[in-house]
Amino acid sequence: MAHKENTETAFELTFSKGCRDDKDADHFANESIKQLTITDLPDFPVQCKYAFYAFGDDDYMNEIQEIVNLAEKVGLEPSEIHYATTLTGNISQLFAYFNQALAYAHQHIQHYVIEATIFNIPDDVLENSTILEKSGRVNR
């Protein structure tokens, strides 16, 4: 992960677990799940546009809500936007959340995709508005 103080940076991440019959694409299906870790990095503020999709589950809205609720438990501030959620907090909170969300999803959901765009937010931008407001994607 790249980080430079007072510089805006964006990261794109995709996490997924495929269908039971899609074994050719599941290259890591038989490996143990490893937690995401950050080492030797300051705990800088971030904002994340986050979308969780559960497939093949009649109760998918409850599963999505459960995943979003985990964000508050690690101290992130989630807010809803169209087909996604913004998460505001520090990078350590965000990665703790990813670890919990992926562990929950892996145990409870057979097929899911998580798309995340993480913005490193310089202090002067954070004080005035959210990075998504600056980009014109969110109106408050």
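**Reading the core and the fold**

Reply: Gladly! In this predicted model, the largest nonpolar core has 30 residues, and Tyr50, Phe52, Leu94, Tyr97, Phe98 and Ile118 touch the most other members. Such a core is a set of buried Ala, Val, Leu, Ile, Met, Phe, Trp, Tyr and Cys residues joined through side-chain atoms within 4.5 Å. Buried means under 20% relative accessible area, exposed over 50%, and partly exposed in between (1.4 Å probe, protein chains only).

Me: Which elements each supply at least two residues of this core?

Reply: They are strands S1 (9-17), S2 (45-55) and S5 (111-120), together with helices H1 (60-73) and H2 (91-108). H2 gives the largest share, nine residues. Helices (H or I, at least four residues) and strands (E, at least two) are DSSP runs, numbered from the N terminus.

Me: What does Leu94 touch?

Reply: Leaving out residues up to four places away in sequence, Leu94 touches Val46, Cys48, Leu76, Leu87 and Ile118. A contact here means heavy atoms within 4.5 Å.

Me: How do the elements run from the N terminus on?

Reply: The order is β-β-α-β-β-α-β-α-α, with four helices and five strands in the chain. Of the 140 residues, 37% count as buried.

Me: Where is Tyr83, and is Tyr83 buried or exposed?

Reply: Tyr83 sits in the loop between strands S3 (77-81) and S4 (84-90). Tyr83 is exposed, with a relative accessible area of 64%. Though not a glycine, Tyr83 has a positive phi of about 60°.

Me: And the conventions?

Reply: Residues are numbered from 1 along each chain as its sequence is written, and side-chain values use heavy atoms, leaving out hydrogens and water. Local features need pLDDT of at least 70 and side-chain atom pairs count only at pLDDT 80 or more, while totals for chains, interfaces and linings use all residues.
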